Amino acid sequence: MANHSNTIFSRPEALYDTVTHYCPGCTHGVIHRLVAESLDELGVRERTVGVAPVGCSVLAYNYINCDFMEAAHGRAPALATGFKRMRPDMIVFTYQGDGDLASIGMGEIVHAANRGEKITVIFVNNAIYGMTGGQMAPTTLANQITTTSPNGRNVTDTGYPIRIAELLATLQTPGYIERVAVHTPQHIIHAKKVIRRAFKYQVENRCFSLIEVLSTCPTNWGYTPGEAIKWLEDNMRPYFPLGCFKTPDVKEVR
Amino acid sequence: MEQYEVMLAGFGGQGIMTAGQLIAYAGIKEDKQVAWIPSYGPEMRGGTAYCTVVLSDTRIGSPIVTNPRCICVFNRPSFDKFGPKVKPGGLFIVNSSLINVTSDRTDFIQLLVPANEMALKAGNGKAANIVILGAFIGASGVLKYETVRETLIEKLGKKKEYLDLNLQVLEEGYNLALETIGQKDRV
Amino acid sequence: MAKILMKGNEAIAEAAVKAGAQGYFCYPITPQSEVAEYMSRRMPELGRVFLQGESEVAVGNMLFGAASTGLRVFTTSSSPGISLMQEAISYMAGAQLPAVIVNIMRGGPGLGGILPAQSDYFQAVKGGGHGDYRLLVLAPSTVQEAVDLMMLSFHLADKYRNPVMMIGDGMIGQMMEAVEFPDEYKEDPLPPKDWDLTGAKGRSPRVVKSLFLDPVKLEDNSWLLHEKYERMKREEVRYELYKVSAKNKILIIAYGTMARICQTAIDELEQEGISVGLFRPISLFPFPEKEIKKEASKKNIQTVLTVEMSTAQMMEDVERAVLGAKPMAFFGHTGGIVPTP
């Protein structure tokens, strides 16, 4: 038997062999893996620089095995811009949550996208501030209860949740923007293709890309991991439709 | 000469800054220490423009000069504003084409130069700044006429027809100053 | 190279080019926009990076990202813009990134005005952003010195792996003076870089960060930074004396444009028979404390007069240096009013 064994599944080289600090049922680990697999498959890990955000994934550099910078809250696209402009031969990605990217970092992401920076942005949308303890985010759904919207998000007072993928897709500058989810195996398989494609566009020096990933936060949502998956399916998916919103390949627009 | 300060003032667009820079360039050619200080900010967008040039044989201290040795005014507001600031014993060059008054002060030399008329007569009213530049060189003697002429050729030499006109009015301004106040009374 | 007439802002830009700056990031603000205009032509012509960002907040962070490559990068701004960059400057100091930041100061606080002032002294020399850190701060008083110190700034940034700030007032930026550039920028050897992000090929990954969640490690980092600042105090104090002699009754302390104005005043007073000397700090951090103390302590000095285009900011450092040894006085204007001799 031993002589005939084939490895059909293993840890990507771009992922460290370590235990993460993420909560049970959180999908950050899955998204990290998809990023790591993409870097491995494209053979770019050794010329990649990641930019970690402020938020739960602040320690992403402890899990993803490549050079890293740690940004100030929301500024990852600015760091990525500075780096990529100086070293266009390297692969640069940011990994940001919704508080980081859609709130304090809104200016930086819009302008990085509009300049068409040849970077890849992994935008993890779980509709809440995770690390600071479950406060309302720009992506928090209407009536969703958070620690700073204890009676549910009141949209007449705080506005409606921001759809980042749609918003950035309005820019004239070419780019690749798609929203995916990672709450079921099928979705994960598709998300992997999309994330890999986003990196591939960068390897080909084609365009800015942003992949919005719908993600769970059982801890701060107050659900079990199983309930969180159902909550995402029932509540987030209707408001944040999955799909490609912008692509440099015209034929791929749905 | 230890130090000589000249201020040029007028409307934006009258070539004030350029004339000042030409003085500074010529100063470098004569191995002088130079500093050119512009007015800047909202007023440079269409309003009053002025600059000061400091020329010195030794290290220049303060680039800010309260009472320059020479002030060249190109328009009436500058005449009113800067006339009182000329250093006693100094030189006040007035563009009499656009300023129809003269200073009551008797403690300096006042030189009236119809700069716009002279420039227009030569073919282009825009060269009034060079007329004044010529007059300044003639009246002050602080820089050699030849040096300034060379500077003009270097800096404004791209378009031959303008250069010839500029050189002509430079000479006319210079001669006017010499004829008016004479070689020995230079300030 | 022959002497050429250049505006301070343009001379600063060209000095950066000569010192090997590979990237420049900017946002327009008076009175330093000429640097950006100059670089927008110059850098592409050299195949180097020029980028106008969407805000000073972004520009500061672009500088962080760019500095992480290990290449020489810089930005220029003026007071309100520098305030917005403090976030990135603090992060760069924490992450030990070399970068050069030029502040062509205007009057504040708030939107203030656009005329020359020296009112960002505290912000520059006391850190400026959050956390235990310092910038190495240099203050030129002529356009030529701005060129020389600009080039030196890149060297010192690399030497100490620390942001270096050059502060000039609007006068330094806007004034034209004759300048001379060296044909080639010669500098002392620098330590090899073992921190720049070049891709984890044949080595373990590197992380450029200012985050240390373990308090012991954070304290270690802060003391490591502190040691660097102490070394700067030993090795990088720069100053100039003007007409300092045993005849002086008064010792003036002034920097930048203000020091030049004082020189002229000193010359005028000399003719009236009053002997005054000038101590001009060139490095504001490290501040020439011992040297000022030494000069101020001399028997002939009766008063130490600090002169600034701000409301007695540097004077606090002068007081700390003189330590009550002599009576102190202050003279200054701010808000864009430049004192005259």
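A polar contact, as I use the term here, is a pair of N or O atoms within 3.5 Å; within protein, one must be able to donate a hydrogen and the other to accept it. I'm working on a predicted model, so I start with that definition and count from there.

**Entry: inside chain C**

I found 11 helices and 15 strands in chain C. Its C-alpha trace spans about 70 × 50 × 40 Å along the principal axes. I also checked the radius of gyration: a compact globule of 341 residues would have one near 20 Å, and chain C agrees because its own value is 20 Å.

Next came the domains. Chain C splits into domain 1, residues 4-179, and domain 2, residues 241-332. Their centres, taken over C-alpha atoms, are 27 Å apart.

**Entry: where the two domains of chain C meet**

Then I used my opening definition. Across this domain interface there are 15 residue pairs in polar contact, both residues at pLDDT 80 or more.

I wrote down the one where the side chains of Arg260(C) and Glu177(C) meet, 2.9 Å from N to O.

**Entry: chain C against chain A**

I listed 36 residues of chain C in contact with 32 residues of chain A. The buried area between chain C and chain A is about 2,600 Å², and carbon and sulfur atoms give 66% of it. Glu54(C), Leu197(C) and Pro205(C) supply 19% of what chain C buries against chain A, more than any other three residues.

The rule finds 4 salt bridges between chain C and chain A. One of them joins Arg75(A) and Glu87(C), whose closest N and O atoms are 2.7 Å apart. I also noted 10 residue pairs in polar contact between chain C and chain A, again both at pLDDT 80 or more. Several elements of chain C supply at least two residues each to the side that touches chain A, including strand S2 (23-26), helix H3 (56-67) and helix H4 (79-95). H3(C) has the largest share of that side, 7 residues. Sorting the side of chain C that touches chain A by class gave me 18 nonpolar, 11 polar and 7 charged residues.

**Entry: chain B**

Chain B does meet chain C, through 21 residues of chain B and 26 of chain C. About 1,900 Å² is buried between chain B and chain C, 65% of it from carbon and sulfur atoms.

I found 1 salt bridge across the interface of chain B and chain C: Arg59(B) with Glu240(C), closest N and O atoms 3.3 Å apart. The polar contact count for chain B and chain C is 7 residue pairs, both at pLDDT 80 or more. Helix H1 (16-29) and strand S2 (33-38) of chain B are the elements that give two or more residues to the side touching chain C. S2(B) gives the largest share, 6 residues.

Conventions:
Residues numbered from 1 in each chain as written. Chains lettered and ligands numbered in written order. Heavy atoms only, no water. Domains from an automatic or database assignment. Polar contact = N/O pair within 3.5 Å; in protein donor to acceptor, adjacent residues only side chain to side chain. Helix = DSSP H or I, 4+ residues; strand = E, 2+ residues; numbered from the N terminus. Rg over C-alpha atoms; globule rule 2.2 N^0.38 Å. Contact = heavy atoms within 4.5 Å. Buried area = accessible area lost by both parts, 1.4 Å probe. Nonpolar A, V, L, I, M, F, W, Y, C, P; charged D, E, K, R; others polar.
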